[in-house]
Amino acid sequence: MKIALMDSGIGLLAAAAAVRRLRPDADLVLSSDPAGMPWGPRTPEDLARRALAVAEAAAAHRPDALIVACNTASVHALPTLRARLEPGLPVIGTVPAIKPAAGDGGPVAIWATPATTGSPYQRGLIEQFAAGVEVTEVPCPGLADAVEHADQAAVDAAVAAAAALTPADVRTVVLGCTHYELVAERIGDALERAAGHRPGLLGSAGAVAAQALRRIGGTPGDVVPPGGATLTVLHDGVESTLTDAALSYAEGRGLREVSAAR
């Protein structure tokens, strides 16, 4: 079994780690666009064009499924990707965990990029899944970029600013950008300092990994075969290795042994 994941940068690490936990035997292909990162400020047309190039680079490695491990690309490029690649290659998008957050009751906060915050897409999800629940949309300017470059001071500053905008009575915070899951512990710490309690944090990595396996009839829990599974890293379509920034996160380090053994 081979699963490909795509993103503008290292936000795909959280979903890759989730796939690895569910299926340690799965070969992984990580395809990203360092030259075009971040995708958020780009026009929908430009974003869709770049996302398609990243997806086609991954598809060339003949995976069984492709996870679009990026909220922004899922909003703007998913129809384009599916039109080009399906039905031959199942394409699984990423949706913010608004439904399960609302199911636990409110109040709820959604941390997302400025481009996603207040967008018709996110507002539609709120109306569909969180009607009657108090929801606060919190823009997080600079946070995804800071995570991408492992700029710890910038991460702390962006997280602190977003925590200050988050109502103190919030019970659950939805991490509406895949990059944010890489610093979830620091986000929880900042919210606890700001509000005096630690709200629950909900990302999408686990759900999207499980959905990808369901789409191809996979089941969790297989034993790693002798020699381990492979990891292929693509930067702008060219085979590469995990960056130092990726390896600064636990999710990246967890993939390093597989990458080195390949």
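Predicted model: local features only at pLDDT ≥ 70, side-chain atom pairs only at ≥ 80, totals over all residues.
**From the surface to the cores**

The chain exposes about 11000 Å².

Next, the charges. The chain carries 21 positive and 28 negative charges. Their mean positions lie 5 Å apart.

Now the overall build. The chain holds twelve helices and ten strands. Its radius of gyration is 18 Å, close to the 18 Å from the globule rule for 262 residues, so the chain is as compact as a globular protein of that length. The C-alpha trace spans about 50 × 35 × 35 Å along its principal axes.

Contacts show how the chain is put together.

Then move inside. Of the 262 residues in the chain, 52% are buried; the cut-off for buried is under 20% relative accessible area. In soluble globular proteins, nonpolar side chains tend to be buried together.

Which residues have the most contacts inside the largest nonpolar core? They are Leu30 and Trp111, in a core of 53 residues. Helix H1, residues 13–22, gives this core its largest share, six residues. Another core lies apart from the largest one and has 23 residues. Ala4, Leu52, Ala57 and Leu89 are among them.

Definitions and conventions:
Residues numbered from 1 in each chain as written. Heavy atoms only, no water. Core = buried A, V, L, I, M, F, W, Y, C linked by side-chain atoms within 4.5 Å. Buried < 20%, exposed > 50% of the residue type's maximum accessible area, 1.4 Å probe, protein only. Helix = DSSP H or I, 4+ residues; strand = E, 2+ residues; numbered from the N terminus. Rg over C-alpha atoms; globule rule 2.2 N^0.38 Å. Areas by Shrake-Rupley, 256 points an atom, 1.4 Å probe, with all protein chains shown as cover. Lys, Arg positive; Asp, Glu negative; His and termini not counted. Charge placed at Lys NZ, Arg CZ, Asp CG, Glu CD.
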